[in-house]
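Please look at the sequence and the model first, then read the points below.

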Amino acid sequence: MMVNQADPGLVAALADATEQAFREAETRLPPDVLAALRRAAAVETNRIAKQEFDNILENIALAGERGVPICQDTGVPVVYLSLPPDVPFSSALFEGVREGVRRATSSIPLRPNVVDPITRQNTGDNTGLGMPAVHVVPGDRLTVTVLPKGAGSENVSRIGMLLPSQVSGIQEFVAETMLIAGGRPCPPVILGVGIGGTFDMAAALAKEALLLPVDIMDNYEQELCEAVNALGIGPMGLGGDVTALAVKVKRASCHTASLPVAVNVQCWASRRASVEVIR
Amino acid sequence: MNLTTPLGDEVLDLRAGDRVSLSGTIYTARDEAHLRMMDVGIPFDPEGAVVYHCGPVVKDGRLLVAGPTTSARMNALTGFLIDAGVRGLIGKGGMEQEVVGRLRGRGVYLAFTGGCAVLAAARMQVTGVYFEDLGMAEAVWVIEADHLPLTVGIDAHGGDLFAATQEKAKTQFHQRFNIKQDTFS
């Protein structure tokens, strides 16, 4: 079916799907993240850390039962749209997502977190200048993927323009990011690491890496994860074996003279959900 | 160990890392509430009281979410509370050395798991409010807590689990990457 640019049905359908995706993401963790938390709780040997895991798992169960957000910081809206060939790239897409964010904010409800960067005035509905952040990628189906991002972990994220001779220093940069962060990002964390591209691409890749499933890691990711866990920061910075549940890496080719590395830190409440838009 | 408010000398026996279960009346306070209390006085009896660093969501007198906020923001705003007799602080992330020193021989900092906003709400009931004009998140809510699962983060003997963990992490990092000089504090 061909959909034209002004199709009000598309805007409404996108708004519905966006609202639904936020409700799912905010109240239930993805199965892979939940499984990673349960696995971590089982292998953790530190007595205090084990109790922190107990609290986290009980909190997740209660949020699911009550249909309320897992954490009071319900994040800022980061949205990925996959666009099939028959849907034109138009402002209707952005309108639909914005409307969905507004509705989700009042119906779930979400804490209004979006403010003007200078005046700090709150918009009240989680939309604003350039917010929600909407990223469009080509796909087979029209789907909305949301990643509500909390500030505690976002604030300790980091980017470095390493030298081409520092490829072996990437692990140190990643571990150092977590050392500086300590307990502030609410560990156990998931680290999204973007390697290569340009200054801005590395950061975008790091955030996209947070969309990857955490139940598998390749050898490189595994080594990064071990280096982070060796720090012993543990859940909430109280000490323990598990500081990171997983490290996920996305790469892009880069200039022969540069090596951008970005680390996007994500708290244990790694919230994401995808909903297909019914047209 | 079970603790019931108001707290007394029993908190002096606690050690960083101990698990406690806290019941009784607690008072929420974030940045604005601390500033107001410094200005007009503490609206509740501070003797043995427990202050919770939290900005809850309250709807129709019911707590929806009430997770801990970052305590470090209250580092410079806490001394007067401890001096007035407050014996317990609840929050996440720990507090700076000045507060650790102030708690010596007087009280404890209790860590509640960050992000566990629903668990907290499930163990709490609102019974009153002060400074409601500050807004929902910044008001002082009077809360009846029922067995809050907490960890002693800072004890009354200078023991600080956060600082100890961070120190170990730093040593570990320096050894692993063979770093001789400290690049950040």
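Which strands of chain A does α6(A) lie across, and at about what angle does α6(A) run to β7(A)? Helix α6(A) lies across β4, β5, β6 and β7 of chain A and runs at about 35° to β7(A). Helices (H or I, at least four residues) and strands (E, at least two) are DSSP runs, numbered from the N terminus. Axes are lines fitted to C-alpha atoms, for helices over the stretch in contact, and angles run from 0 to 180 degrees between N-to-C directions.

The model is predicted: local features need pLDDT of at least 70, side-chain atom pairs count only at pLDDT 80 or more, and totals for chains, interfaces and linings use all residues. Residues are numbered from 1 along each chain as its sequence is written, while chains are lettered from A and ligands numbered from 1 in the order in which they are written.

**Domains of chain A**

- Chain A is divided into domain 1 (8-27 + 70-148) and domain 2 (151-266), with bounds that come from an automatic or database domain assignment.
- The centres of domain 1 and domain 2 of chain A, taken over C-alpha atoms, are separated by 26 Å.
- Four residues from domain 1 of chain A and five residues from domain 2 of chain A make up the contact; two residues are in contact if their C-beta atoms, placed from the backbone, lie within 7 Å.
- On the side of domain 1 of chain A that touches domain 2 of chain A, two residues are nonpolar, one is polar and one is charged.
- In this grouping, Ala, Val, Leu, Ile, Met, Phe, Trp, Tyr, Cys and Pro count as nonpolar, Asp, Glu, Lys and Arg as charged, and the others, Gly among them, as polar.

**Sheet β2-β1-β3-β8 of chain A**

- Four strands form this open sheet with mixed pairing; two strands pair if DSSP finds at least two bridges between them.
- Strands β2 (133-138) and β8 (273-276) of chain A stand at the edges with a single partner strand each, so one side of each is left without a neighbour in the sheet.
- From one strand to the next the twist averages 20°.
- Strand β1 (residues 78-83) and strand β3 (residues 143-146) of chain A pair in the antiparallel sense over four bridges, and A:V79 stands opposite A:V146 in β3(A).
- Helix α1 (residues 8-27) of chain A packs on the sheet, where it touches β1, β3 and β8 of chain A, and its direction makes about 35° with that of β3(A).

**Sheet β4-β7-β5-β6 of chain A**

- This open sheet of four strands also has mixed pairing.
- Its edges are β4 (158-162) and β6 of chain A, each with a single partner strand, so one side of each has no neighbour in the sheet.
- Neighbouring strands are turned by 15° against each other on average, direction ignored.
- Strand β4(A) and strand β7 (residues 259-266) of chain A run antiparallel and are joined by five bridges; A:I159 stands opposite A:A262 in β7(A).
- Helix α8(A) lies across β5 and β6 of chain A, running at about 135° to β6(A).

**Backbone features**

- The peptide bond from A:P187 to A:P188 is cis, with omega near 10°, and A:P188 lies in the loop between α6 (170-181) and β5 (189-196) of chain A.
- In chain B, a cis peptide bond joins B:T5 and B:P6, with omega about -5°.
- A:M236, a residue other than glycine, has a positive phi near 65°.
- A:M236 counts as buried because it has 35 C-beta neighbours inside 10 Å (buried: 20 or more other C-beta atoms within 10 Å of its own; exposed: 12 or fewer; partly exposed: in between; C-beta atoms are placed from the backbone).
- B:N178 also has a positive phi, near 55°, and counts as exposed with 7 C-beta neighbours inside 10 Å.
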